[in-house]
Amino acid sequence: MLEVQSLTKHFQVGDTTMTAVDGVSFNIARGEVFGLLGPNGAGKTTTVRMILGLLDPDGGWASVDGFRTADQPIAVKSRLGFVSASDGIYPWLTVREMLLYFADLYGVDAALASERCEHLADRMDIQHLLDRRAGVLSTGQRQRVTLVRGLIHDPPVMLLDEPTRGLDVVGVQTIFEYMEILRDAGKAVVVCTHRLDEAERLCDRFGLLHNGQLKHCGSMQQLRDETGRQNLVDIFVDLIGDGAGSVAVE
Ligand SMILES: Nc1ncnc2c1ncn2[C@@H]1O[C@H](COP(=O)(O)OP(=O)(O)OP(=O)(O)O)[C@@H](O)[C@H]1O
């Protein structure tokens, strides 16, 4: 469903060229949750921005549901849902108005959008918030609304960038519930995070990025067999040595 092949991106930093993403390849099937993991600066966000079509790759390609980002950016965007910790909301709209507005931006038929809005509001327990102004929501309520918004156009592929950043224990639990909804719906999901403990519980397969390169890719069992280590923290410690301190393990 999501295919990433030899994606590469260089940046010019002063007089030197640095390679932020270096020939990264992976595939994600329907109903699969893939953790794109790595310490700060590993290249996670740059990879996601190339998949979304926000950044042109210097090499390689990404395709969503058979459509390549570089060739058919609109078709790709309509098939992607994106949720990030820094998502904004429209404070003067009610939650319902905002959700329907986003559905409309994606060209979803009005009757279908209303139906989806009710269904997702039920699943994510925000029915009681639909007629409130988005600007008055608490952080946790806002998070739920943002998660619903990412699904309003029913995309087959979801990208979640640091979805648990800044959330309390209830907020983190919400992400786990959301992930079940995505799995049930057969979405192909990419979760970018440096929270290895959460990733281990959330994801079916993992891609371990370091210095722009995908060093390991596979299920937890495959990674264990490949590295002889039992968990992601130990695998990363081996991979990046002293730099492992920048990977959150709490
Ligand atoms: N626009 C840019 N210009 C120059 N360098 C950049 C640019 N964007 C990213 N980089 C560099 O590319 C590397 C990868 O950055 P990226 O944001 O993809 O990492 P990340 O894995 O998402 O990190 P984090 O977990 O800290 O968000 C970093 O060294 C970063 O400084």
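A residue counts as near a molecule when its C-beta atom, placed from the backbone, lies within 6 Å of it. The model itself is predicted.

Under this criterion, the residues around the ligand are F11, V13, A20, G38, N40, G41, A42, G43, K44, T45, T46 and H194. Sorted by class, this shell holds 4 nonpolar, 7 polar and 1 charged residues. Two elements, β1 (2-13) and α1 (44-52), each give at least two residues to the shell. The largest share, 3 residues, belongs to α1.

Both elements lead on to a sheet. Four strands line up as β2-β1-β4-β5. The sheet is open, and its pairing is antiparallel. Its edges are β2 (16-28) and β5, each of which pairs on one side only. Helix α1 packs on this sheet and touches β1, β2 and β4. The direction of α1 makes about 120° with that of β1.

Now follow the pairing strand by strand. β1 meets β4 (residues 59-64) in the antiparallel sense, over 5 bridges. From S63, step across to β5, where R68 is its bridge partner. V64 has a partner in β5 as well, namely F67. The β4 and β5 pairing is again antiparallel, with 2 bridges, and β5 spans residues 67-68. These two strands form a hairpin with 2 residues between them. In that hairpin, D65 takes a positive phi near 55°.

A further sheet has 6 strands, in the order β6-β7-β8-β3-β9-β10. This sheet is open too, but its pairing is mixed. Which strands stand at its edges? They are β6 (80-84) and β10 (213-219). Each has a single partner strand, so one side of each is left without a neighbour in the sheet. Neighbouring strands here are turned by 15° against each other on average, direction ignored.

β6 runs parallel to β7 (residues 157-161), and 5 bridges join the two. In this pairing, F82 has L159 of β7 as its bridge partner. Helix α8 (residues 220-227) lies across β9 (205-210) and β10. The helix runs at about 120° to β10.

The axes of α5 (residues 139-151) and α6 (residues 169-184) come within 10 Å and cross at roughly 20°. The crossing of α5 past α6 is right-handed. On the α5 side, the contact is made by G140, Q143, R144 and L147. On the α6 side, V170, G171, T174 and Y178 make it. By class, this contact has 3 nonpolar, 4 polar and 1 charged residues.

The mixed sheet runs from β6 to β10, with α8 across β9 and β10.

Terms used. Residues numbered from 1 in each chain as written. Predicted model: local features only at pLDDT ≥ 70, side-chain atom pairs only at ≥ 80, totals over all residues. Axes fitted to C-alpha atoms, helices over the stretch in contact; angles between N-to-C directions. Left-handed = near helix turned anticlockwise from the far one by under 90°. Contact = placed C-beta atoms within 7 Å. Nonpolar A, V, L, I, M, F, W, Y, C, P; charged D, E, K, R; others polar. Pairing = 2+ DSSP bridges.
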